[in-house]
Amino acid sequence: MYRQHNNFKIKHILLSLCIFLSFLLAGCGPSEEKISQAQELYVQLADLHNQVVDAHKTIADDSLDQNLVALAEKVKQIEEYNLNEFDDEQIDLLIESMNSIMNSYQEYLTAIDQIKAQEDAAVLVPIPVTLFNGTEITFHTLALYGKNEPSQNSNALEDTSGFTSGQSITGLMIYRDVSSSPWVLVLEDANEISYEIELPVTEYTESGIFLTLTYDSETKELKCS
């Protein structure tokens, strides 16, 4: 499945947690029992947080990022607390907050497992493409790739004399996935002018598609239909 790599990806932002020394400090304010209870729960929270981080690395879907970032900020705030400055009632509230965060993390673990199952079960449907050059332009570069996978932009015209006017190319292939991610057709002419066209894969069937390139000289726009 092709997915776009989001620069704000939670899996690259969330860091494994450690128990800050400030959090381990015991003092004369709260009771030792409350401090111990909070410390033990924080260890569980940190472990659960790390489980979510590791699980999230295994999926391409980025729909949970915003919510996971918000939870990470809450955990970060807890890291900065000094139990020495709390009383028992405040620690009870802190424990309640940590339990709430842990419940949310458990829900996201379940959601991540479901997303991963869907991604693993995704079947790519190959769709053969025939492309006709209905323009007066000769193209020397042609790349066809998933919009979310620009790294797969190999030149289909390599070792050829180019894609000339009136010529057809067969054997091109695109793949429809469960998300029906669009594909991008990129061409470049002899003057190194580049053209990019997005192809809505949802409209295509397994029997294949015949596409024609046309060029509007007034708008300088290359179209594919």
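Figure 1. The expected span is 1.5 Å times one less than the number of residues; helices (H or I, at least four residues) and strands (E, at least two) are DSSP runs numbered from the N terminus. Buried residues of helix 3 include Leu68, Leu71, Ala72, Val75 and Ile78, where buried means under 20% relative accessible area, exposed over 50%, and partly exposed in between (1.4 Å probe, protein chains only). Asp65 and Glu79 are also among the buried residues. In this predicted model, local features need pLDDT of at least 70 and side-chain atom pairs count only at pLDDT 80 or more, while totals for chains, interfaces and linings use all residues. Residues are numbered from 1 along each chain as its sequence is written, and side-chain values use heavy atoms, with hydrogens and water left out.

**Figure 2. Salt bridge between Asp92 and Lys34.** The N to O distance is 2.5 Å; a salt bridge is a side-chain nitrogen of Lys or Arg within 4 Å of a carboxyl oxygen of Asp or Glu. Asp92 belongs to helix 4 and Lys34 to helix 2 (residues 32-56), so the pair ties together parts 58 residues apart in sequence. Lys34 counts as buried at 19% relative accessibility, whereas Asp92, at 35%, counts as partly exposed.

**Figure 3. Salt bridge between Lys147 and Glu198.** The closest N and O atoms are 2.9 Å apart. Lys147 sits in the loop between strand 2 and strand 3 (168-176) and Glu198 in strand 5, so the contact ties together parts 51 residues apart in sequence. Lys147 is partly exposed at 42% relative accessibility, and Glu198 is partly exposed at 46%. The structure holds three salt bridges; one of them joins the side chains of Asp54 and Lys57 at 4.0 Å, N to O.

**Figure 4. Open sheet of three strands in the order 2-4-5.** Pairing is antiparallel, and two strands pair if DSSP finds at least two bridges between them. Strand 2 (139-146) and strand 5 (194-199) are at the edges, each with a single partner strand, so one side of each has no neighbour in the sheet. Strand 2 pairs with strand 4 (residues 183-189) over seven bridges. Val186 in strand 4 is the bridge partner of Ala143.
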